[in-house]
Amino acid sequence: MSSPDPQVRAARNHSTNPALRGPVVAVTGAATGIGALLTERLAASEEIKQVVAIDERRGECAAAQWHILDVRDPAIAEKLRGADVVVHLALDLDLETDGAARTAYNVRGTQTVLTAAAAAGVHRVVLCTSAMVYGALPDNELPLAEDAELRATAEATGVGDLLEIERLARRAPRAHPGLNVTVVRPAVLIGGTDTALTRYFESPRLLVVAGSRPAWQFCHVEDLCSALEYAVLEKVEGELAVGCDGWLEQEQVEEISGIRRMELPSAVALGAAARLHRIGLTPSPAGDLAYTMYPWVVSGSRLHDAGWRPQWSNEEVLAELLAEVAGRHTVAGRRLGRKDATAAGAAGATVALLGTAALVRRARKARRRI
(Lines give C-alpha, C1' and ligand atoms only; values in the text may rest on other atoms or scores of the structure.)
Protein backbone atom coordinates (compact mmCIF):
# COMPACT_ATOMS: atom_id res chain seq x y z
CA MET A 1 0.00 0.00 0.00
CA SER A 2 1.42 3.39 -0.93
CA SER A 3 2.08 5.94 1.79
CA PRO A 4 -0.40 8.81 2.14
CA ASP A 5 0.17 12.03 0.26
CA PRO A 6 2.39 14.45 2.31
CA GLN A 7 -0.46 16.95 2.57
CA VAL A 8 -2.74 14.21 3.91
CA ARG A 9 -0.11 13.20 6.48
CA ALA A 10 0.27 16.84 7.53
CA ALA A 11 -3.50 17.21 7.94
CA ARG A 12 -3.62 14.04 10.04
CA ASN A 13 -0.74 15.22 12.22
CA HIS A 14 -2.43 18.59 12.67
CA SER A 15 -5.64 16.93 13.82
CA THR A 16 -3.91 14.61 16.30
CA ASN A 17 -1.17 16.87 17.69
CA PRO A 18 -2.70 19.45 20.09
CA ALA A 19 0.37 21.72 19.86
CA LEU A 20 -0.08 22.15 16.11
CA ARG A 21 -3.54 23.59 16.62
CA GLY A 22 -2.77 25.34 19.92
CA PRO A 23 -2.10 29.06 20.36
CA VAL A 24 1.12 30.97 19.79
CA VAL A 25 1.77 32.72 23.12
CA ALA A 26 4.02 35.73 23.72
CA VAL A 27 5.31 36.34 27.27
CA THR A 28 6.85 39.67 28.31
CA GLY A 29 9.28 39.74 31.21
CA ALA A 30 10.18 36.19 30.19
CA ALA A 31 13.79 36.10 31.40
CA THR A 32 13.25 36.23 35.17
CA GLY A 33 10.78 35.53 37.95
CA ILE A 34 7.23 34.54 37.12
CA GLY A 35 7.84 35.24 33.44
CA ALA A 36 10.66 32.70 33.28
CA LEU A 37 8.60 30.06 35.11
CA LEU A 38 5.60 30.58 32.85
CA THR A 39 7.74 30.53 29.69
CA GLU A 40 9.22 27.17 30.66
CA ARG A 41 5.78 25.81 31.57
CA LEU A 42 4.15 26.89 28.31
CA ALA A 43 7.10 25.72 26.21
CA ALA A 44 6.71 22.23 27.73
CA SER A 45 2.93 22.12 27.18
CA GLU A 46 1.48 19.97 24.39
CA GLU A 47 -1.41 22.44 24.16
CA ILE A 48 0.82 25.35 23.11
CA LYS A 49 2.03 25.69 19.54
CA GLN A 50 4.89 28.14 20.18
CA VAL A 51 6.18 30.50 22.87
CA VAL A 52 7.59 33.93 21.97
CA ALA A 53 9.70 35.28 24.83
CA ILE A 54 10.28 39.03 25.18
CA ASP A 55 12.64 40.71 27.64
CA GLU A 56 15.59 43.09 27.81
CA ARG A 57 17.92 40.11 28.02
CA ARG A 58 17.77 36.50 26.91
CA GLY A 59 16.51 33.95 29.41
CA GLU A 60 17.31 30.27 29.77
CA CYS A 61 14.35 28.69 27.95
CA ALA A 62 15.91 27.34 24.75
CA ALA A 63 12.54 26.17 23.37
CA ALA A 64 11.18 29.74 23.15
CA GLN A 65 11.73 32.22 20.34
CA TRP A 66 13.48 35.20 21.94
CA HIS A 67 13.20 38.90 21.15
CA ILE A 68 15.38 41.31 23.14
CA LEU A 69 13.78 44.73 23.67
CA ASP A 70 12.12 47.04 26.19
CA VAL A 71 8.35 46.55 26.35
CA ARG A 72 7.93 50.32 26.03
CA ASP A 73 9.45 50.19 22.54
CA PRO A 74 6.69 50.48 19.88
CA ALA A 75 8.74 48.00 17.81
CA ILE A 76 7.24 45.31 20.04
CA ALA A 77 4.18 45.31 17.74
CA GLU A 78 6.18 43.60 15.01
CA LYS A 79 7.46 40.99 17.49
CA LEU A 80 3.88 40.16 18.50
CA ARG A 81 2.69 39.60 14.95
CA GLY A 82 1.45 36.01 14.63
CA ALA A 83 0.80 35.61 18.36
CA ASP A 84 -2.68 34.61 19.51
CA VAL A 85 -2.23 35.51 23.18
CA VAL A 86 0.11 37.86 25.05
CA VAL A 87 0.86 37.44 28.76
CA HIS A 88 2.30 40.71 30.05
CA LEU A 89 4.53 40.11 33.08
CA ALA A 90 7.17 42.82 32.56
CA LEU A 91 6.41 44.80 35.72
CA ASP A 92 8.74 46.44 38.23
CA LEU A 93 7.42 46.21 41.79
CA ASP A 94 10.83 46.34 43.47
CA LEU A 95 10.73 48.08 46.84
CA GLU A 96 14.02 49.84 46.15
CA THR A 97 13.05 51.29 42.73
CA ASP A 98 12.33 55.01 42.58
CA GLY A 99 8.55 55.37 42.66
CA ALA A 100 8.27 57.72 39.67
CA ALA A 101 10.54 55.54 37.54
CA ARG A 102 8.61 52.44 38.54
CA THR A 103 5.28 53.98 37.58
CA ALA A 104 6.65 55.25 34.27
CA TYR A 105 7.86 51.75 33.39
CA ASN A 106 4.78 49.84 34.55
CA VAL A 107 2.10 52.08 33.09
CA ARG A 108 3.84 52.99 29.83
CA GLY A 109 4.85 49.35 29.33
CA THR A 110 1.28 48.11 29.75
CA GLN A 111 -0.09 50.83 27.46
CA THR A 112 2.44 49.93 24.77
CA VAL A 113 1.79 46.19 25.01
CA LEU A 114 -1.98 46.61 24.76
CA THR A 115 -1.73 48.95 21.78
CA ALA A 116 0.90 46.78 20.07
CA ALA A 117 -1.14 43.61 20.65
CA ALA A 118 -4.18 45.17 19.00
CA ALA A 119 -2.10 46.41 16.06
CA ALA A 120 -0.54 42.95 15.62
CA GLY A 121 -3.91 41.20 15.51
CA VAL A 122 -3.55 39.47 18.89
CA HIS A 123 -6.98 38.48 20.20
CA ARG A 124 -6.23 38.13 23.94
CA VAL A 125 -3.94 39.85 26.45
CA VAL A 126 -3.50 38.44 29.96
CA LEU A 127 -2.40 40.95 32.60
CA CYS A 128 -1.25 40.14 36.14
CA THR A 129 -1.90 42.62 38.95
CA SER A 130 -2.63 41.63 42.56
CA ALA A 131 -5.53 41.01 44.89
CA MET A 132 -4.19 44.10 46.69
CA VAL A 133 -6.31 46.17 44.27
CA TYR A 134 -9.39 45.20 46.28
CA GLY A 135 -7.94 47.07 49.23
CA ALA A 136 -7.41 45.87 52.80
CA LEU A 137 -10.37 47.19 54.78
CA PRO A 138 -12.02 46.23 58.08
CA ASP A 139 -15.43 45.72 56.42
CA ASN A 140 -14.20 43.47 53.59
CA GLU A 141 -16.18 40.28 53.15
CA LEU A 142 -14.38 36.99 53.79
CA PRO A 143 -13.74 35.99 51.07
CA LEU A 144 -14.11 38.68 48.42
CA ALA A 145 -15.78 37.81 45.11
CA GLU A 146 -13.91 38.61 41.88
CA ASP A 147 -16.43 41.30 41.00
CA ALA A 148 -16.07 43.08 44.35
CA GLU A 149 -15.35 46.79 44.08
CA LEU A 150 -11.67 47.76 43.82
CA ARG A 151 -11.34 49.96 46.91
CA ALA A 152 -7.57 50.17 47.23
CA THR A 153 -5.79 53.52 47.26
CA ALA A 154 -2.34 54.35 45.91
CA GLU A 155 -0.80 54.48 49.39
CA ALA A 156 0.94 51.08 49.31
CA THR A 157 3.99 50.10 47.27
CA GLY A 158 3.08 49.69 43.61
CA VAL A 159 -0.67 49.57 44.19
CA GLY A 160 -1.21 52.85 42.35
CA ASP A 161 0.46 51.31 39.30
CA LEU A 162 -1.68 48.19 39.57
CA LEU A 163 -4.87 50.24 39.78
CA GLU A 164 -3.85 52.14 36.64
CA ILE A 165 -3.14 48.83 34.88
CA GLU A 166 -6.63 47.67 35.90
CA ARG A 167 -8.07 50.85 34.39
CA LEU A 168 -6.16 50.24 31.15
CA ALA A 169 -7.48 46.67 31.10
CA ARG A 170 -11.09 47.83 31.35
CA ARG A 171 -10.61 50.48 28.67
CA ALA A 172 -8.66 48.36 26.16
CA PRO A 173 -11.58 46.37 24.66
CA ARG A 174 -13.43 49.63 23.98
CA ALA A 175 -10.36 51.30 22.49
CA HIS A 176 -9.42 48.19 20.50
CA PRO A 177 -12.53 46.23 19.42
CA GLY A 178 -11.77 42.54 19.10
CA LEU A 179 -9.11 42.58 21.82
CA ASN A 180 -10.06 40.60 24.93
CA VAL A 181 -8.29 41.28 28.23
CA THR A 182 -8.06 38.89 31.17
CA VAL A 183 -6.73 40.15 34.52
CA VAL A 184 -5.27 37.73 37.08
CA ARG A 185 -5.04 38.93 40.71
CA PRO A 186 -2.91 36.75 43.01
CA ALA A 187 -2.98 36.88 46.81
CA VAL A 188 0.31 37.34 48.72
CA LEU A 189 2.73 35.91 46.18
CA ILE A 190 5.41 33.54 47.49
CA GLY A 191 8.27 31.79 45.74
CA GLY A 192 11.39 33.83 45.09
CA THR A 193 9.56 37.13 45.58
CA ASP A 194 10.62 40.15 47.65
CA THR A 195 7.79 42.44 48.74
CA ALA A 196 6.76 44.39 51.80
CA LEU A 197 4.51 41.45 52.71
CA THR A 198 7.26 38.81 52.45
CA ARG A 199 9.60 41.07 54.43
CA TYR A 200 7.00 41.13 57.19
CA PHE A 201 8.11 37.59 58.00
CA GLU A 202 11.78 38.59 58.16
CA SER A 203 11.15 40.70 61.26
CA PRO A 204 12.17 39.62 64.77
CA ARG A 205 8.58 40.23 65.88
CA LEU A 206 5.38 40.22 63.83
CA LEU A 207 3.95 43.71 64.11
CA VAL A 208 0.28 43.56 65.01
CA VAL A 209 -1.73 46.77 65.14
CA ALA A 210 -4.05 46.80 68.14
CA GLY A 211 -7.68 46.29 67.18
CA SER A 212 -6.89 45.03 63.67
CA ARG A 213 -8.17 41.80 62.12
CA PRO A 214 -5.51 40.27 59.85
CA ALA A 215 -6.35 37.32 57.59
CA TRP A 216 -3.50 35.79 55.60
CA GLN A 217 -3.96 34.17 52.21
CA PHE A 218 -0.99 33.18 50.07
CA CYS A 219 -0.42 32.22 46.45
CA HIS A 220 2.54 30.11 45.37
CA VAL A 221 4.14 31.16 42.09
CA GLU A 222 3.56 27.66 40.71
CA ASP A 223 -0.18 28.02 41.30
CA LEU A 224 -0.11 31.47 39.70
CA CYS A 225 1.58 30.02 36.61
CA SER A 226 -1.02 27.26 36.33
CA ALA A 227 -3.80 29.87 36.63
CA LEU A 228 -2.14 31.98 33.92
CA GLU A 229 -2.00 28.89 31.71
CA TYR A 230 -5.76 28.42 32.21
CA ALA A 231 -6.25 32.01 31.01
CA VAL A 232 -3.92 31.49 28.03
CA LEU A 233 -5.88 28.41 26.93
CA GLU A 234 -9.15 30.33 27.37
CA LYS A 235 -10.49 27.88 29.91
CA VAL A 236 -11.51 30.94 31.93
CA GLU A 237 -11.62 34.67 31.26
CA GLY A 238 -12.48 38.02 32.78
CA GLU A 239 -11.23 39.14 36.17
CA LEU A 240 -9.68 36.23 38.06
CA ALA A 241 -8.51 36.02 41.66
CA VAL A 242 -6.05 33.28 42.56
CA GLY A 243 -4.74 31.98 45.87
CA CYS A 244 -4.73 29.09 48.28
CA ASP A 245 -8.08 27.88 49.54
CA GLY A 246 -9.18 29.66 52.72
CA TRP A 247 -6.97 31.77 54.96
CA LEU A 248 -4.96 31.84 58.19
CA GLU A 249 -5.78 33.95 61.23
CA GLN A 250 -2.92 35.92 62.82
CA GLU A 251 -2.74 33.47 65.74
CA GLN A 252 -2.28 30.57 63.30
CA VAL A 253 0.49 32.45 61.50
CA GLU A 254 2.28 33.07 64.78
CA GLU A 255 1.94 29.43 65.81
CA ILE A 256 3.27 28.13 62.48
CA SER A 257 6.10 30.65 62.25
CA GLY A 258 7.13 30.55 65.89
CA ILE A 259 7.57 34.35 65.72
CA ARG A 260 6.00 36.29 68.55
CA ARG A 261 4.00 39.45 68.00
CA MET A 262 4.78 43.06 68.90
CA GLU A 263 1.47 44.83 69.36
CA LEU A 264 1.29 48.60 68.95
CA PRO A 265 -1.55 51.14 68.94
CA SER A 266 -2.66 52.14 65.46
CA ALA A 267 -1.55 55.76 65.79
CA VAL A 268 1.95 54.74 66.89
CA ALA A 269 2.44 52.07 64.22
CA LEU A 270 1.08 54.11 61.31
CA GLY A 271 2.70 57.34 62.44
CA ALA A 272 6.12 55.72 62.85
CA ALA A 273 5.86 53.97 59.48
CA ALA A 274 4.93 57.21 57.71
CA ARG A 275 7.74 59.20 59.30
CA LEU A 276 10.41 56.56 58.77
CA HIS A 277 9.47 56.31 55.11
CA ARG A 278 9.38 60.08 54.70
CA ILE A 279 12.93 60.52 56.01
CA GLY A 280 14.17 57.62 53.88
CA LEU A 281 14.90 55.06 56.59
CA THR A 282 12.51 52.45 55.20
CA PRO A 283 11.33 51.60 51.66
CA SER A 284 7.75 50.78 52.67
CA PRO A 285 5.14 53.54 52.97
CA ALA A 286 2.59 53.43 55.78
CA GLY A 287 -0.03 52.16 53.32
CA ASP A 288 1.70 48.77 53.22
CA LEU A 289 0.71 48.23 56.87
CA ALA A 290 -3.00 48.08 55.99
CA TYR A 291 -2.41 44.75 54.20
CA THR A 292 -1.17 43.27 57.48
CA MET A 293 -4.07 44.74 59.45
CA TYR A 294 -7.27 43.91 57.59
CA PRO A 295 -8.50 41.07 55.34
CA TRP A 296 -8.25 40.99 51.55
CA VAL A 297 -8.86 37.28 51.05
CA VAL A 298 -10.28 36.24 47.65
CA SER A 299 -12.53 33.34 46.71
CA GLY A 300 -11.07 32.36 43.32
CA SER A 301 -14.52 31.07 42.35
CA ARG A 302 -14.16 31.65 38.61
CA LEU A 303 -11.01 29.55 38.37
CA HIS A 304 -12.59 26.90 40.60
CA ASP A 305 -15.69 26.78 38.40
CA ALA A 306 -13.38 26.16 35.40
CA GLY A 307 -11.82 23.16 37.15
CA TRP A 308 -8.62 24.82 38.45
CA ARG A 309 -7.41 23.96 41.95
CA PRO A 310 -4.37 25.24 43.89
CA GLN A 311 -1.70 22.63 44.52
CA TRP A 312 -0.44 24.45 47.63
CA SER A 313 -2.14 25.16 50.95
CA ASN A 314 -1.63 28.34 52.97
CA GLU A 315 0.27 26.34 55.60
CA GLU A 316 2.62 24.86 52.98
CA VAL A 317 3.29 28.21 51.30
CA LEU A 318 3.98 29.91 54.64
CA ALA A 319 6.44 27.14 55.52
CA GLU A 320 8.24 27.69 52.20
CA LEU A 321 8.37 31.44 52.79
CA LEU A 322 9.85 30.97 56.26
CA ALA A 323 12.54 28.71 54.79
CA GLU A 324 13.31 31.31 52.11
CA VAL A 325 13.72 34.23 54.52
CA ALA A 326 15.65 32.35 57.21
CA GLY A 327 18.71 34.36 58.17
CA ARG A 328 17.39 37.66 56.84
CA HIS A 329 16.74 40.55 59.20
CA THR A 330 14.18 43.23 58.35
CA VAL A 331 12.84 46.01 60.54
CA ALA A 332 9.92 48.20 59.43
CA GLY A 333 10.45 47.00 55.86
CA ARG A 334 14.18 47.88 55.87
CA ARG A 335 16.45 44.90 55.36
CA LEU A 336 19.48 44.98 57.65
CA GLY A 337 22.88 43.60 56.74
CA ARG A 338 24.35 40.90 58.95
CA LYS A 339 26.67 43.46 60.56
CA ASP A 340 23.77 45.78 61.41
CA ALA A 341 21.68 42.96 62.86
CA THR A 342 24.57 41.64 64.94
CA ALA A 343 25.55 45.05 66.28
CA ALA A 344 22.11 46.26 67.22
CA GLY A 345 20.20 43.04 67.69
CA ALA A 346 17.01 42.70 65.73
CA ALA A 347 14.73 43.58 68.63
CA GLY A 348 16.97 46.52 69.54
CA ALA A 349 16.81 47.75 65.94
CA THR A 350 13.02 47.77 66.12
CA VAL A 351 13.12 49.95 69.21
CA ALA A 352 15.75 52.20 67.61
CA LEU A 353 13.63 52.79 64.51
CA LEU A 354 10.53 53.52 66.51
CA GLY A 355 12.63 55.79 68.71
CA THR A 356 13.88 57.62 65.62
CA ALA A 357 10.31 58.37 64.66
CA ALA A 358 9.64 59.77 68.11
CA LEU A 359 12.76 61.96 67.91
CA VAL A 360 11.69 63.29 64.51
CA ARG A 361 8.29 64.16 65.98
CA ARG A 362 9.81 65.96 68.98
CA ALA A 363 12.23 67.91 66.77
CA ARG A 364 9.39 69.14 64.58
CA LYS A 365 7.38 70.22 67.62
CA ALA A 366 10.39 72.09 68.92
CA ARG A 367 10.88 73.90 65.60
CA ARG A 368 7.23 74.97 65.61
CA ARG A 369 7.62 76.49 69.10
CA ILE A 370 10.61 78.62 68.04
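Colleague: What span should the 12 residues of helix 8 have, and how far apart are its end C-alpha atoms?

Modeller: This is a predicted model. At 1.5 Å a residue, helix 8 (residues 221-232) should span 16 Å. Its end C-alpha atoms are 16 Å apart, so the two values agree.

Colleague: Why is helix 8 called largely enclosed by the rest of the structure?

Modeller: Because 11 of its 12 residues are buried. Buried means under 20% relative accessible area. Among the buried residues are Val221, Asp223, Glu229 and Tyr230.

Colleague: What follows helix 8?

Modeller: Glu234, with a positive phi near 60°.

Colleague: Which side chains make polar contacts with the side chain of Asp161?

Modeller: That of Thr103, at 2.6 Å, and that of Asn106, at 2.9 Å. The cut-off is 3.5 Å. Leaving aside neighbours within four places in sequence, Asp161 is in contact with Arg102, Thr103 and Asn106.

Colleague: What makes Gly192 count as exposed?

Modeller: Its relative accessibility is 68%. Exposed means over 50%, so Gly192 qualifies. Gly192 lies in the loop between strand 7 (188-190) and helix 7 (196-199).

Colleague: How far is Gly192 from Ile34, in sequence and in space?

Modeller: They are 158 residues apart in sequence and 9.0 Å apart in space, C-alpha to C-alpha.

How values were computed:
Residues numbered from 1 in each chain as written. Predicted model: local features only at pLDDT ≥ 70, side-chain atom pairs only at ≥ 80, totals over all residues. Heavy atoms only, no water. Helix = DSSP H or I, 4+ residues; strand = E, 2+ residues; numbered from the N terminus. Expected span 1.5 Å × (residues − 1). Buried < 20%, exposed > 50% of the residue type's maximum accessible area, 1.4 Å probe, protein only. Polar contact = N/O pair within 3.5 Å; in protein donor to acceptor, adjacent residues only side chain to side chain. Contact = heavy atoms within 4.5 Å.
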